There are 2 protein chains.
Amino acid sequence: MFGCLVAGRLVQAAPQQVAEDKFVFDLPDYENINHVVVFMLGTIPFPDGMGGSVYFCYPDQNGMAVWQLLGFVTNEKPSAIFKISGLKSGKGSQHPFGAMNLPQTPTVAQIGISVELLESLAQQTPVASAAVSSVDSFTEFTQKMLDNFYNFASSFAVTQAQMTPNPSEAFIPANVVLKW
Amino acid sequence: MFGCLVAGRLVQAAPQQVAEDKFVFDLPDYENINHVVVFMLGTIPFPDGMGGSVYFCYPDQNGMAVWQLLGFVTNEKPSAIFKISGLKSGKGSQHPFGAMNLPQTPTVAQIGISVELLESLAQQTPVASAAVSSVDSFTEFTQKMLDNFYNFASSFAVTQAQMTPNPSEAFIPANVVLKW
């Protein structure tokens, strides 16, 4: 029913079914993974009114599983790309894999898919940093970074009257930074 | 041999084989596509010493096919994610699909895969904006952008001795920009 693809590696199309409605893919060497694609194979759709919540699970320093909600796949949106690099510093979220005690190996993470009612999915909020889907988010990110830079650089701005004499230090007019 | 997945849509695993060594996937409604995943199905590897160059093809205003090199898949790196939104303003590049005259429909683009010698692939340069694969490339991209910014801003740099008197204009010490 599901496939999983780590960017740069071979596709996986045979998840472990850990419960009637729960599927798990192993992600070996997950610290070297940036993006993961989760998709429906197109063979079996979700039952009417159902969809899948997609979780990333990694072992914390004590070997305990930390689960984070990445997003969803549904019959209407049967695939999604998620960025998992950088998630490890985040907090775990509520998840439906609690009782499963998946064995945790230090370098192996998991993708878990839980088949649930669409109404239930609609009440869940994925971690924001996992979304890789639109130009907007990339543009926003870049813009935010540049805004941060301008705020940072501006905090050092001086006028000529405030300058201590040092003829060799180079200065950049602040409006040049803004225009760029 | 190949699969293609538009983020948010169903996977495609049956490209049109337009020549012995050339495969094409159609991308309907391509103006609403941000990311495309191209991957080997894992059934048949490339012959020794061969790999695939991955092209994006879209119709220009006159309905002529414009081809852009996105990147590569190989037995060692059998999948890749490409960002195709934003490519439309770019220029076409040299490509091996020239004689094929694929029919162009205004809203349909293509992904073309050409099986070639690895040595030949190594001499080809993909469009930079298509890479979505690693933190490294993203970091490199950001670094490059900041380098560009520093070069741009530095071209306006002045020392105090060169300043025309204007006590209200704000200046940012150039080393602040570098440190950031």
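A salt bridge is taken here as a side-chain nitrogen of Lys or Arg within 4 Å of a carboxyl oxygen of Asp or Glu. In the predicted model, B:Asp21 and B:Lys22 meet this criterion, their closest N and O atoms being 3.1 Å apart. B:Asp21 is partly exposed at 30% relative accessibility, whereas B:Lys22, at 8%, counts as buried.

In chain B, a salt bridge joins B:Asp29 to B:Arg9, the closest N and O atoms being 3.8 Å apart. Because B:Asp29 is located in the loop between β4 (22–27) and β5 and B:Arg9 in the loop between β1 and β2 (11–12), the pair ties together parts of chain B that are 20 residues apart in sequence. The relative accessible area is 38% for B:Asp29, which is partly exposed, and 24% for B:Arg9, also partly exposed.

The whole structure contains 15 aromatic pairs over all chains. One of these, A:Trp67 with A:Phe97, is stacked, with 4.3 Å centre to centre and 5° between the planes. A:Trp67 belongs to strand β6 (residues 65–73) of chain A and A:Phe97 to the loop between β7 (79–83) and β8 (109–117), so the pair connects parts 30 residues apart in sequence. A:Trp67 is buried at 4% relative accessibility, as is A:Phe97 at 2%. In chain B, the rings of B:Phe2 and B:Phe46 form a tilted pair, 5.7 Å centre to centre and with 50° between the planes. B:Phe2 lies in strand β1 (residues 2–6) and B:Phe46 in the loop between β5 (35–40) and β6 (50–59), 44 residues apart. In chain A, ring pairs link A:Phe2, A:Phe23 and A:Phe46 into a cluster.

Chain B also contains an open, antiparallel sheet of five strands in the order β3-β4-β9-β6-β7. Strands β3 (16–19) and β7 (65–73) stand at its edges with a single partner each, so one side of each has no neighbour in the sheet. From one strand to the next, the twist averages 30°. Eight bridges join the antiparallel strands β6(B) and β7(B); B:Cys57 has B:Trp67 in β7(B) as its bridge partner.

Conventions: Residues are numbered from 1 along each chain as its sequence is written. Chains are lettered from A and ligands numbered from 1 in the order in which they are written. This is a predicted model: local features need pLDDT of at least 70, side-chain atom pairs count only at pLDDT 80 or more; totals for chains, interfaces and linings use all residues. Side-chain values use heavy atoms; hydrogens and water are left out. Rings of Phe, Tyr and Trp (its six-membered ring) pair if their centres lie within 6.5 Å; planes under 30 degrees apart count as stacked, over 60 as edge-to-face and the rest as tilted. Helices (H or I, at least four residues) and strands (E, at least two) are DSSP runs, numbered from the N terminus. Buried means under 20% relative accessible area, exposed over 50%, partly exposed in between (1.4 Å probe, protein chains only). Two strands pair if DSSP finds at least two bridges between them. Axes are lines fitted to C-alpha atoms, for helices over the stretch in contact, and angles run from 0 to 180 degrees between N-to-C directions.
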